[in-house]
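Please look through the model below with the following notes beside you. They are set out as numbered points, each on one topic.

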Amino acid sequence: RITAVMVIYSVWVVNKAGSLIYHSDHTLSDSTAGEMEKLYATHPIDLVFKPEGDRLLVQYGDKERNGMVLVGINDNAVVGRILSKTGQPALDFLSEPRNFPVRLRFARPRLTTNDRIMLGSMFHSLYAIATRLSPVSRSSGIEVLEAENFKMHCFQTLTGLKFLVLTSLRHTGCDSLLRKLYEIYSDYALKNPFYSLDMPIRCELFDEHLKKAVDQSEKASAYAVNQSIA
Amino acid sequence: PDKHLVGMTVYNLYVYDRNGTCLYYGEWKRTRPSHLSREEENKLMYGMMSSLKSFVVKISPTESKDKFVSYRTNSYKLNFYETATGVKFVLATDLNVGNPSARDILHKIYTQIYIECVVKNPLCPHGQPISSDLFKSKLDAFMRSLTIF
């Protein structure tokens, strides 16, 4: 049984100026897998929390949990900055010595839309720098970016539009998926008279067909792996 | 002799310390000359590696803290290896090099050449470009052994 080996995590589309015009999460990773729990026996805690937006981030005091969001206290979820069960602000709860020992749960913060826009434009620049730093002539930009637990495929069209797909490491067939996405973009975004070029894509048919294509690619990749194992 | 490691094309190698100082730059089969000065290109490469590391951590869809390993264009592959002390090795090769092989090569360069000739050399000052001839000749011999069929 193959579980979560062939996964497509998300699809991004970046226009020729580097702005994110489309994003879709296909699979959200299991968020409980990455939650880190720690028991704090006495008051006060060594951590400094920074309120950011409506969340509490660990700013200082624990190197491993730096930047993580406080999501739970003693089996109760923390929503925003408040304990969802009692409505009490989490920081107030943690400032009372009688509540200790206490178990705190942390998780990596979800990407906000602004985060994604920033990452899209960051990749746009890095893509171009790869050509500049090339030791051989006439190199393209980054086509595959590999990390320890995922990889990212990029296809740049002749007009400078980039399709990005984040997948698990062993996923195959991304090239054909990227070209299929370009086709879907041409058919359901470009040919849509209400869509303006380089603007965020909000076309229902584009969404539908994109999801179908991504599903198909995931299945095809899993099938290929099953065949090779069988 | 590691049979799976021979027969590849190695373009160039950059070595940086934890502060971003370029300790070494070596070229072998590079065909396109740089349009920037050596110093500018070294800095740009370091900046790009830093950005890629941070990019990977932020965009990672898995919950564990991820690390940048390599990237591929249509013409070359850039392999990255960072040690626990912050020494960074950046190696540009042809497209056929797999990640495990590249990691193996960079680890060998780190342990058998960098540590032996630079770290263990009391005359090699920290944080400065490597001037050791032994390092250069050993590295060169190692790179040439990789490109022989």
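Predicted model: local features only at pLDDT ≥ 70, side-chain atom pairs only at ≥ 80, totals over all residues.

1. Helices (H or I, at least four residues) and strands (E, at least two) are DSSP runs, numbered from the N terminus.

2. Residues are numbered from 1 along each chain as its sequence is written, chains are lettered from A and ligands numbered from 1 in the order in which they are written, and side-chain values use heavy atoms, with hydrogens and water left out.

3. For the complex, the predictor gives an ipTM of 0.91 and a pTM of 0.86.

4. A cis peptide bond also joins A:Phe100 and A:Pro101, where omega is about 0°; A:Pro101 belongs to the loop between helix 1 (90-94) and strand 9 (102-107) of chain A. Another backbone detail to check is A:Asp75, which is not a glycine and yet has a positive phi of about 75°, and which lies in the loop between strand 6 (69-73) and strand 7 (76-79) of chain A.

5. Between the chains, helix 2 (residues 113-132) of chain A packs against helix 1 (residues 38-59) of chain B at an angle of about 145°, with the axes 11 Å apart; axes are lines fitted to C-alpha atoms, for helices over the stretch in contact, and angles run from 0 to 180 degrees between N-to-C directions. Residues in contact (heavy atoms within 4.5 Å) include A:Met122 and A:Phe123 from helix 2 of chain A, and B:Leu52 and B:Phe55 from helix 1 of chain B. By class, this contact has twelve nonpolar, two polar and two charged residues, where Ala, Val, Leu, Ile, Met, Phe, Trp, Tyr, Cys and Pro count as nonpolar, Asp, Glu, Lys and Arg as charged, and the others, Gly among them, as polar.
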